[in-house]
There are 2 protein chains.
Amino acid sequence: MMIESQANTQSGDAEQARALTLYSYFRSSAAYRVRIALGLKGLPYDYVPIHLLRDGGQQRAPRYVELNPEALVPVLIEDEGDPLTQSLAIVEYLEETRPEPPLLPRAPADRAYVRSIAMQIACDIHPLDNLRVLFYLKKTLGVSDDQKNAWYRHWIETGFAALETRLAREAGPGGRVGRLCFGDTPTIADLCLVPQVFNAERMGVPLDVYPTIQRIAAAAGEIEAFVRAAPGNQVDAE
Amino acid sequence: MMIESQANTQSGDAEQARALTLYSYFRSSAAYRVRIALGLKGLPYDYVPIHLLRDGGQQRAPRYVELNPEALVPVLIEDEGDPLTQSLAIVEYLEETRPEPPLLPRAPADRAYVRSIAMQIACDIHPLDNLRVLFYLKKTLGVSDDQKNAWYRHWIETGFAALETRLAREAGPGGRVGRLCFGDTPTIADLCLVPQVFNAERMGVPLDVYPTIQRIAAAAGEIEAFVRAAPGNQVDAE
């Protein structure tokens, strides 16, 4: 189905007229990031739900694996183009092809700061708590539910403790943090942070020890593109 | 100590005169990626070894955690600037501040392809086999060495199977693969691939089922910047 994305930028740009199709699962953090980016850039898109738990995992269906041999969401397809995979590669692609509004600052050192926050979440927290990893722990290693949940919390807590230190440092006078990770304008750091905080809350990880993370996620969570991208607001939400 | 990097580009650029310091561990894949990038761009740098296993892990020493609250390598510091973290954020920074020779193609769809390969490795393979994860499996979950090694191989094999499919598709006529992941010129895809293949070989993962990966890694491995960045050629090699 077509999602009417409310353009928050000058539209009528020919770039924006190209058809975009997102293969997504409402609860996937990686898909959530791309949904936020599409919303921030005011890009409408077709939403194709891929249920990660139904039918033995719809991401493993041959037709989907043909699109993405990794059998993971999201995939973004533009017109008849190649399927684009890896959420942050997709977001960089959107940034390069639809630069307004920018999701990265201009100065290289600031871009490195923003990307490092995004990648800390995308590389060092999220992959460890991905569904396929939790399945492996349960089914192959036979860990208990308590051990599995402790694992889940451990990687969020380890990652968030380091991230809180970095963000709190930048929240002082002359620092980069504003209402959001970089000033008051959403960047790829925020679109990684919010889904990770959503997961943490869902797993009951206490967040009051990460006040800067909590404050930024709350501020971002009020922005319309973030609200529309939230798992509960997707057509495949349960 | 100072590493004399052989400039393979026009040097004498003022950008290149800035002092770079890399905190590295010879066997770290993430540090290895950055070493390759520095070499490809002909940038000399100071190498500060951080031994991940000695002294209870030198990356956990307060002075290092001050640089990188994540307590991971690598960190790159330029002059008196902020410590830069996350290998791919560092490489993008080098690409933006020292564009020659480019490590990304020009067209957005090609850049997305290259970045997606890099990120598939950096997000979906490498973090699962990181030292801290293996420690957790051993110490907290009490898995056996066999189970730990099977875990290690599982994530490489899962990732490489998908990657082989993607690269083999692109290796046909009109595809993007040449001697390397994108044509014959090294990109950030190759600088992620080679360290991951190094790890796989070290763990005895059979690679002949991934002929395209194997062929590209072998071709890249002959390029001087890759040779000089190899773990065995670092001052802290054991």
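This is a predicted model: local features need pLDDT of at least 70, side-chain atom pairs count only at pLDDT 80 or more; totals for chains, interfaces and linings use all residues.
The contact between the chains draws on 46 residues from chain A and 46 residues from chain B. About 4100 Å² is buried between chain B and chain A, and carbon and sulfur atoms account for 63% of this area. On the side of chain B, Pro69(B), Arg132(B) and Tyr136(B) together provide 14% of the area buried against chain A, more than any other three residues.

Ten salt bridges are counted between chain B and chain A. In one salt bridge, the side chain of Asp82(A) is paired with that of Arg176(B), with an N to O distance of 3.1 Å.

The crossing of α4(A) past α3(B) is right-handed.

The residues of α4(A) that take part in this contact are Pro108(A), Ala109(A), Arg111(A), Ala112(A), Arg115(A), Ser116(A) and Met119(A). From α3(B), the partners are Leu88(B), Ala89(B), Glu92(B), Tyr93(B), Glu96(B) and Thr97(B). By class, the residues in the contact of α4(A) with α3(B) comprise seven nonpolar, two polar and four charged.

Notes
Residues are numbered from 1 along each chain as its sequence is written. Chains are lettered from A and ligands numbered from 1 in the order in which they are written. Side-chain values use heavy atoms; hydrogens and water are left out. A crossing is left-handed if the near helix is turned anticlockwise from the far one by less than a right angle, and right-handed if clockwise. Helices (H or I, at least four residues) and strands (E, at least two) are DSSP runs, numbered from the N terminus. Contact means heavy atoms within 4.5 Å. Ala, Val, Leu, Ile, Met, Phe, Trp, Tyr, Cys and Pro count as nonpolar, Asp, Glu, Lys and Arg as charged, and the others, Gly among them, as polar. Buried area is the accessible area (1.4 Å probe) that two parts lose on being put together, summed over both. A salt bridge is a side-chain nitrogen of Lys or Arg within 4 Å of a carboxyl oxygen of Asp or Glu.
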